[in-house]
Each structure stands twice: as C-alpha cells, then as structure tokens.
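Please walk me through this structure, with attention to its annotated spans, to a charged side chain and to its aromatic rings.

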Amino acid sequence: MAEEISPEQARDALEHTDRLSRRVRARAYSMRLYLLVCAAGISVALLVIGLVEPVVLKTVLALATTILPFAAVTLWYRRLPVLARTPPPPRWGAYPYAWGTWLLWCAAAGFGLLTGLDGRLEYWIPAALVVAAPLTFAALREPRP
C-alpha cells in the first residue's frame, strides 16, 4: 500500500506542482512565436527579393532571412525543459486558411518580379505587410495558455 504523507509533504508537493505549472504556462507560447517569426522572416525575405539588385546577393540574403528565423525558433523550441509526453490532437482552426492565404499572397507578390517592379518601395513594402498579415492574424488568434 501507499504510505501516508504528512501535511507538510503534501503542501510541498502541491507547491512544486504549482511552480511546474507556472513554468510550463510561461513557456507555452511556441505556436504564437513560430507564426510571428514566420511572418516576419518571410516579409523580410520578400523585401530582400524585391529591393536588392545583384542576383547572387539577393539569393543569399533571401535564403538567410528565410532559413535563419525558422532555425532559431526550432532551436528555441527544442531547448524547452518541458515537453508533452503525448501531445494533444491538432486543433486546425485558422491555420489552413492562414497558410493558404499566405501562399496566395506570396504568389501574387511574386508577380512584381515578372512585371518589372524591382526596387520600387511603393510596391514591395505593402506587399511584405500583406504577406505577413495572414500568419500574424493566426498568431493573434492562438489562445493564451
């Protein structure tokens, strides 16, 4: 049988559980952070693609501004001290719509390269903001823990 515990041991166990719960909740912003970093990284990459002139520099900077934020978020997520043993089933919610809209806006913004709008701030800055909007909206709709 289980042995009896004293009230002090029970209180200590509850306090320890409460501390762990607060720690998990404080770090439970991974999806919101992931979506915001994706939105910012892709927007910066779009600005680089539209505004930087030499093709080699444009390619290197676009890859760096796309890959580095994803790598940073992945490394940050992997160093979290607490992970769910069995994650809950996915809540799709707004994600398919956000990523689908994001893909459509990226394709639409890419037509700026075909129509000779390279280097024009009045096109690329609004395009970068519009491309970031669906993922930012999905991040803001992500429920707080």
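**Helical spans, a lysine and a ring pair**

Lys58 touches Val48, Ile49, Val52, Glu53, Leu113 and Asp118, leaving aside residues up to four places away in sequence, where contact means heavy atoms within 4.5 Å. The model is a predicted one, in which local features need pLDDT of at least 70 and side-chain atom pairs count only at pLDDT 80 or more, while totals for chains, interfaces and linings use all residues. Residues are numbered from 1 along each chain as its sequence is written, and side-chain values use heavy atoms, with hydrogens and water left out.

Lys58 itself belongs to helix α3, residues 55–78 (helices are DSSP runs of H or I with at least four residues, strands runs of E with at least two, numbered from the N terminus). Lys58 is buried, that is, under 20% relative accessible area with a 1.4 Å probe and protein chains only, whereas exposed means over 50% and partly exposed lies in between.

In the model, residues 55–77 are 100% helix and 0% strand, with end C-alpha atoms 33 Å apart. Residues 123–140 are likewise 100% helix and 0% strand, and their end C-alpha atoms lie 26 Å apart.

The structure holds three aromatic pairs (rings of Phe, Tyr and Trp, the last by its six-membered ring, with centres within 6.5 Å; planes under 30 degrees apart count as stacked, over 60 as edge-to-face and the rest as tilted). The ring centres of Tyr123 and Trp124 are 4.9 Å apart and their planes stand at 90°, so this pair is edge-to-face. Tyr123 counts as partly exposed because its relative accessibility is 24%, whereas Trp124, at 0%, counts as buried.

Terms used:
Lys, Arg positive; Asp, Glu negative; His and termini not counted. Salt bridge = Lys/Arg side-chain N within 4 Å of Asp/Glu carboxyl O.
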